[in-house]
Amino acid sequence: MKNFKEIKKHGMHLRIFNIIMFFMALAITVAMFVAMQRTTALYDETSSITQDVVELRENAYNLQVASDYLTEQIRCFALTGEEKYMENYFTEAFETRRRDIALEAIEKEVGDTAAFKSLNEAMVGSIELMDTEYYAARLIISAYGINEAHFPDFPGDVELTVHDMSMTNEEKISRAQELLFNEAYRSKKESIAASMRKCLTELTDELGVEQQELSAQLKEQVFLEHVLTVLLIVIMLGIIITTTIMVINPLMKFVELIRREKALPIKGAYEVRFLAKNYNLIYYTNLKNREKLEYEASHDKMTGLYNRRGYDFLIENIDVETSALMIVDLDRFKQINDKNGHDIGDKVLIRVAEALSKSFMHHGLICRLGGDEFVVIFTHVDRASSRVRIEKKIKKINEKLEKAIKDVPGITVSVGVAYGTAGMDTDTLFKEADTALYDVKDGGRNNVAFYN
């Protein structure tokens with residue numbers, strides 16, 4: 001609480017703020033990097049499990065298809081005696097080997113699971129079933145008198161019993177068909193198939209559970225990344241908003257007040273407040289010096305306006321680009337002075353000074369450079385609006401001054417105005433205003449002209 005009051009009173013140090021924000025952003029960035037690495041690992045692991053599930057199902061399908069294909073071919077051989085079926089049987093069993101390849105692939109993926117061991121045991125029963133199929137094939141070969149040389153892969157240890165050898169060919173065919181189509185064979189076949197399906201289902205379920213666990217972890221990890229991203233965005237927005245409030249907005253306000261020659265408010269970051277305090281110190285010192293200059297050395301005693309010295313000080317401290325200069329010259333003042341004397345001439349000057357002050361005191365700095373030459377300095381002007389205002393005021397001034405008052409004769413003024421531009425110096429500004437003034441005098445006086 002004490003620290004908060006100190007910050008509120010003196011402002012936060014930008015250096016401390018930047019260090020805090022830097023380490024917060026760095027910590028979140030590191031955490032996000034670690035989270036992204038973890039997410040990538042989980043994604044790869046999930047993809048691997050998904051691929052394993054796909055391959056497991058594919059291999060299970062191949063295992064079942066290969067087993068059914070062998071049964072189909074041996075039964076067709078028993079029914080028809082055509083050698084091509086037996087050849088297809090041996091090609092599948094010893095060359096294509098889809099069943100063996102599928103089993104090897106499954107073992108590679110999940111060989112250490114209890115479900116695979118059960119599947120392997122079921123396949124032992126399938127191999128035993130093949131012995132029955134070989135025996136039935138031997139009966140068909142014997143019945144049809146097929147040359148065994150056509151089947152080089154036929155197991156050599158499969159021999160018919162004496163009883164079966166003594167059967168007629170029709171009896172051997174019937175005996176082979178009975179072995180492949182009886183209830184015992186079908187029951188054994190269905191038992192093996194059921195065991196395979198059960199084991200493969202268990203394997204798939206195990207992989208599915210693992211896949212779901214990884215998916216849940218991946219979802220949590222992605223959520224963590226989103227949280228870290230939001231935090232990082234919040235920090236960035238916090239830096240932008242805080243910098244805007246503590247630095248940018250105060251500095252923009254300072255620029256505006258400095259242009260208007262005002263003191264600066266003490267607000268913002270510690271460094272900005274320090275800047276404002278020191279500027280205000282210089283500002284009030286200069287203001288005091290300016291006031292002293294105005295009252296002691298910069299004012300014309302007769303008219304109360306700035307004199308040549310005051311003008312020189314003011315013109316050197318303006319922003320020429322946003323300023324304008326107006327030169328006022330009294331028409332035929334010398335004739336009035338010669339005819340009526342200097343006392344009357346001074347009253348005419350005072351009257352003109354009062355008219356200028358009344359019209360332009362709130363818009364510009366009015367100076368008497370000497371004799372009958374007056375100057376008005378406008379700062380931070382808008383060309384369009386100020387031009388119309390100047391024209392109207394000069395017209396009113398001349399309408400008022402040309403009427404004599406008591407012993408003060410009437411008079412008119414000629415005015416030339418010039419606006420500053422980027423890169424212009426004060427001498428050029430004065431020359432342009434003076435050129436505009438001479439245009440008025442050449443045009444008959446009693447008017448105002450603006451330098452084109």
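This is a predicted model: local features need pLDDT of at least 70, side-chain atom pairs count only at pLDDT 80 or more; totals for chains, interfaces and linings use all residues.
Residues are numbered from 1 along each chain as its sequence is written, and side-chain values use heavy atoms, with hydrogens and water left out.

Back to asparagine 398. That residue lies in helix H13, and helices (H or I, at least four residues) and strands (E, at least two) are DSSP runs numbered from the N terminus. Asparagine 398 has a relative accessible area of 5%, so it is buried. For the record, buried is under 20% relative accessible area, exposed is over 50%, and partly exposed is in between, with a 1.4 Å probe and protein chains only.

One of those contacts, asparagine 446, is worth a look too. You'll find asparagine 446 in the loop between helix H14 (426-442) and E5. Its phi is near 55 degrees, a positive value in a residue other than glycine. Asparagine 446 counts as partly exposed, because its relative accessibility is 35%.

Lysine 406 is another non-glycine residue with a positive phi, of about 50 degrees. That lysine is in the loop between H13 and E4. With 84% relative accessibility, lysine 406 counts as exposed.

Now, the sheet. In what order do the strands run? The open sheet has 5 strands, ordered E2-E3-E1-E4-E5, with mixed pairing; two strands pair if DSSP finds at least two bridges between them. At the edges sit strand E2 (364-370) and strand E5 (448-450), each pairing on one side only. From one strand to the next, the twist averages 20 degrees.

Let's walk across. E2 pairs with strand E3 (residues 373-379) in the antiparallel sense, over 6 bridges, and there leucine 365 stands opposite isoleucine 377 in E3. Next, E3 and E1 pair in the antiparallel sense over 7 bridges. Aspartate 329 stands opposite glutamate 373 in E3, and in E4 the bridge partner of aspartate 329 is serine 414. E1 and E4 are also antiparallel, over 7 bridges, and leucine 325 stands opposite alanine 418 in E4. Then comes the parallel pair, E4 and E5, with 3 bridges. Valine 415 has valine 448 as its bridge partner in E5.

How many residues of E1 are buried? The count is 8 of the 8, so E1 is largely enclosed by the rest of the structure. In a regular strand the side chains alternate between the two faces of the sheet. In E1, Ser323, Leu325, Ile327 and Asp329 point one way, while Ala324, Met326, Val328 and Leu330 point the other way, and all are buried.

Helix H10 (residues 308-315) lies across strand E1 (323-330), E2 and E3, running at about 135 degrees to E2. On angles: axes are lines fitted to C-alpha atoms, for helices over the stretch in contact, and angles run from 0 to 180 degrees between N-to-C directions. Helix H13 (residues 383-401) lies across E1, E3, strand E4 (413-419) and E5, at about 170 degrees to E4.

Glycine 268 lies in the loop between H8 and helix H9 (270-296). At 17% relative accessibility, glycine 268 counts as buried.

Conventions. Contact means heavy atoms within 4.5 Å.
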